[in-house]
Amino acid sequence: ISTTLNFKSSLTTLLKILELFSAVSYKEQHVNKLSKKKLENLLLKSKFQSISISKFINFGLFFSIFSIRLGSYANLFIEKISKNNIGYLLLVELKK
């Protein structure tokens with residue numbers, strides 16, 4: 001099990017905004033900017049028997065500014081209506 005940032009989401013815009021207001025730059029840390037499709041193509045070249053990639057943590061969590069419960073509910077609601085097609089992070093599960 002592993003996680004990585006989903007660079008096919010609006011996360012790239014969020015990172016650019018963060019760099020404007022922060023003294024920290026993550027440009028050198030994000031060497032491989034993977035999307036779900038790029039990650040899937042990379043893993044299909046491996047020897048793993050089972051590959052599962054899912055998206056999680058979406059913009060609904062920004063409602064946590066008002067309430068943790070509200071942010072959690074908004075995140076779950078967006079996951080349900082988008083059928084997990086929206087997410088800032090990718091969760092990878094591999095089996096040999």
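Let me start with the loop between α3 and β3, where Lys-83 is found. The model is a predicted one, so please hear everything that follows as computed from it. β3 covers residues 89–95. Lys-83 has a positive phi of about 55 degrees, and it is not a glycine. I point this out because most residues other than glycine have a negative phi. Lys-83 has a relative accessible area of 69%, and since the cut-off for exposed is over 50%, it counts as exposed.

Asn-84 is found in the loop between α3 and β3 as well. Its phi is also positive, about 60 degrees, and Asn-84 is not a glycine either. Is Asn-84 buried, partly exposed or exposed? With a relative accessible area of 32%, Asn-84 is partly exposed.

Now to helix α3 itself, residues 68–82, where Asn-75 is found. Asn-75 has a relative accessibility of 10%, and because buried means under 20%, it counts as buried. Which residues is Asn-75 in contact with, leaving aside its neighbours within four places in sequence? They are Ile-57, Asn-58, Gly-60 and Leu-61.

Next, the surface. Leu-14, Phe-59, Phe-62 and Ile-86 form a nonpolar patch there. Together these four residues have about 320 Å² of accessible area. One of them, Leu-14, lies in helix α1, which runs over residues 11–21. Leu-14 is at 30% relative accessibility and therefore counts as partly exposed.

That leaves the chain as a whole. It has three helices and three strands, and read along the sequence the pattern is β-α-α-β-α-β. Along its principal axes, the C-alpha trace spans about 45 × 35 × 20 Å.

How many of the 96 residues count as buried, as a percentage? The figure is 25%, and Asn-75 counts as buried. On contacts, take those between residues at least 6 apart in sequence: 69% of them join residues at least 24 apart.

The chain exposes about 7,400 Å², and carbon and sulfur atoms supply 60% of that area. On charge, there are 15 positive side chains and 5 negative ones. The centres of these two sets lie 6 Å apart.

To go back to where I started: if you have the model open, look at Lys-83 and Asn-84 in the loop between α3 and β3. Both have a positive phi, at about 55 degrees for Lys-83 and about 60 degrees for Asn-84. That is what I have.

Terms used: Residues numbered from 1 in each chain as written. Predicted model: local features only at pLDDT ≥ 70, side-chain atom pairs only at ≥ 80, totals over all residues. Heavy atoms only, no water. Patch = residues over 30% accessible without salt bridge, like charges linked within 9 Å, V, L, I, M, F, W, Y side chains within 5 Å. Areas by Shrake-Rupley, 256 points an atom, 1.4 Å probe, with all protein chains shown as cover. Salt bridge = Lys/Arg side-chain N within 4 Å of Asp/Glu carboxyl O. Helix = DSSP H or I, 4+ residues; strand = E, 2+ residues; numbered from the N terminus. Buried < 20%, exposed > 50% of the residue type's maximum accessible area, 1.4 Å probe, protein only. Contact = heavy atoms within 4.5 Å. Lys, Arg positive; Asp, Glu negative; His and termini not counted. Charge placed at Lys NZ, Arg CZ, Asp CG, Glu CD.
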